[in-house]
Amino acid sequence: MLTVNGVTKKYKKFLANDNLSFTIADGEIGILLGPNGAGKSTIIKSIAGLLRYEGDIEINGIDNHELEAKKMLGYIPEMPALYDTLTIDEHLEFVRRAYKVEDTGIKEKLLERFELTDKRKKMGKELSKGMQQKVSICCALIHDPKVVIFDEPMVGLDPHAIKELKALFQELKAEGKTVLISTHMIDTIEDYWDVAHIMMNGKIAATKHNRPGSADEKSLDELFFQITEGSAAASTAAKKSEEEEA
């Protein structure tokens, strides 16, 4: 389970996250939706323990800064951060040993699944963006985390990798894992999510659960565009009003 409670993050005077609170339960896939600059990556990095913030974040009831919480977390960043002179094989081996995971064959399975077996001797600096993303996914999963967070995971991936990643989301859910996916591309998430939080200007503007509702209930697409386009229109109108007053 992932619990975010009253998280606020400022960059000097800029309020990137404004008192965010949400929970993703075991066996659930949660989605953070919103345009670029909505604050999605900031909260993802906060969950991963990469940023200082106000508020509380817990991984299965443990503060995310604690070592036990970090052992249960898998993080796939938007921009892969690989070592230039380590091979693909060495990246996975490094992470496996860091987490003290026994060599049960999981590395080979991940390499095969994401079509990296024949490229395992290539160094980080030799890899394309898509291949780096695949390696990043494999590294995040090798220790069998209980909570997995993805920040724009499909950017740069080829069709096969996207297909495998979508299947992986479903498998993690079936295994009772907690999954959180941040994206601005609503068409990539299809219908496998359980709860979606739409973010605007550092806040959660709306939350929608993926369950049968009333006939007049808005779809996720409709709700998303109503919020994002409505906010954009309101911002434009406010700016025009300020200019006319000036």
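**Pockets, aromatic pairs and cysteines in a predicted model**

Helix α4 makes the greatest contribution to the lining of the second largest pocket, supplying 4 residues. The residues that line the second largest pocket are Ile106, Lys109, Leu110, Arg113, Leu141, Asp144, Pro145, Leu168, Glu171, Leu172, Glu175 and Lys177. When these residues are sorted by class, 6 are nonpolar and 6 are charged, while no polar residue takes part in the lining of the second largest pocket.

The largest pocket has a volume of about 790 Å³. This pocket is lined by 25 residues, of which Tyr75, Val95, Tyr99, Cys139 and Ala140 lie closest to its centre. Four elements, namely α2 (67–71), β6 (73–76), α3 (88–98) and α5 (129–141), each contribute at least two residues to the lining of the largest pocket. In terms of class, the lining of the largest pocket consists of 17 nonpolar, 5 polar and 3 charged residues.

Rolling a probe the size of a water molecule over the atoms shows where empty space is left. The structure holds 1 cavity of 30 Å³ or more, and the space in the largest cavity amounts to about 30 Å³. The lining of the largest cavity is made up of Glu152, Pro153, Met154, Ile181, Thr183, Met185, Thr188 and Ile189, and by class it has 5 nonpolar, 2 polar and 1 charged residues.

The aromatic rings were considered next. A pair of aromatic rings is described by the distance of the centres and the angle of the planes. By the rule applied here, the count comes to 4 aromatic pairs. One of them is formed by phenylalanine 150 and phenylalanine 169, whose ring centres are 5.0 Å apart and whose planes stand at 80° to each other, an arrangement classed as edge-to-face. This pair links distant parts of the chain, with phenylalanine 150 in strand β7 (residues 147–151) and phenylalanine 169 in helix α6, 19 residues apart. Both phenylalanine 150 and phenylalanine 169 are buried. The ring of phenylalanine 169 also pairs with that of tyrosine 192, and because the planes of these two rings meet at 45°, with their centres 5.5 Å apart, the pair counts as tilted. Here too, distant parts of the chain are linked, as phenylalanine 169 belongs to helix α6 whereas tyrosine 192 lies in the loop between β8 (178–183) and β9 (195–200), 23 residues apart. Tyrosine 192 is buried, as is phenylalanine 169, and together Phe150, Phe169 and Tyr192 form one aromatic cluster. A further ring, that of tyrosine 11, has lysine 9 lying over its face, at 5.1 Å from the ring centre.

With regard to the cysteines, the count of disulfides comes to 0. Cysteine 138 is in no disulfide, and the nearest cysteine sulfur, which belongs to cysteine 139, is 7.0 Å away. For cysteine 139, the closest cysteine sulfur is that of cysteine 138, and because the two sulfurs are 7.0 Å apart, they are too far from each other for a bond. Cysteine 138 has a relative accessibility of 0% and therefore counts as buried. Cysteine 139, with a relative accessibility of 13%, also counts as buried, and this residue is among those closest to the centre of the largest pocket.

Most residues other than glycine have a negative phi, and most peptide bonds are trans. Lysine 12, although it is not a glycine, has a positive phi of about 55°. Lysine 12 lies in the loop between β1 (2–11) and β2 (14–24), and because its relative accessibility is 81%, this residue counts as exposed. Asparagine 201, likewise a residue other than glycine, has a positive phi near 50°. This asparagine lies in the loop between β9 and β10 (203–209), and at 60% relative accessibility asparagine 201 counts as exposed.

Technical notes. Residues are numbered from 1 along each chain as its sequence is written. This is a predicted model: local features need pLDDT of at least 70, side-chain atom pairs count only at pLDDT 80 or more; totals for chains, interfaces and linings use all residues. Side-chain values use heavy atoms; hydrogens and water are left out. On a 1 Å grid over the protein atoms alone, a cavity is a set of points where a 1.4 Å probe fits but cannot get out, and a pocket is an open set with protein on both sides within 12 Å along at least five of seven lines; lining residues have an atom within 4 Å of a point. Grid points are joined across faces, edges and corners, and a volume is the space filled by probe spheres set on the points. Ala, Val, Leu, Ile, Met, Phe, Trp, Tyr, Cys and Pro count as nonpolar, Asp, Glu, Lys and Arg as charged, and the others, Gly among them, as polar. Rings of Phe, Tyr and Trp (its six-membered ring) pair if their centres lie within 6.5 Å; planes under 30 degrees apart count as stacked, over 60 as edge-to-face and the rest as tilted. Buried means under 20% relative accessible area, exposed over 50%, partly exposed in between (1.4 Å probe, protein chains only). A charge sits over a ring if NZ of Lys or CZ of Arg is within 6 Å of the ring centre and within 35 degrees of the ring normal. A disulfide is a pair of cysteine sulfur atoms within 2.5 Å.
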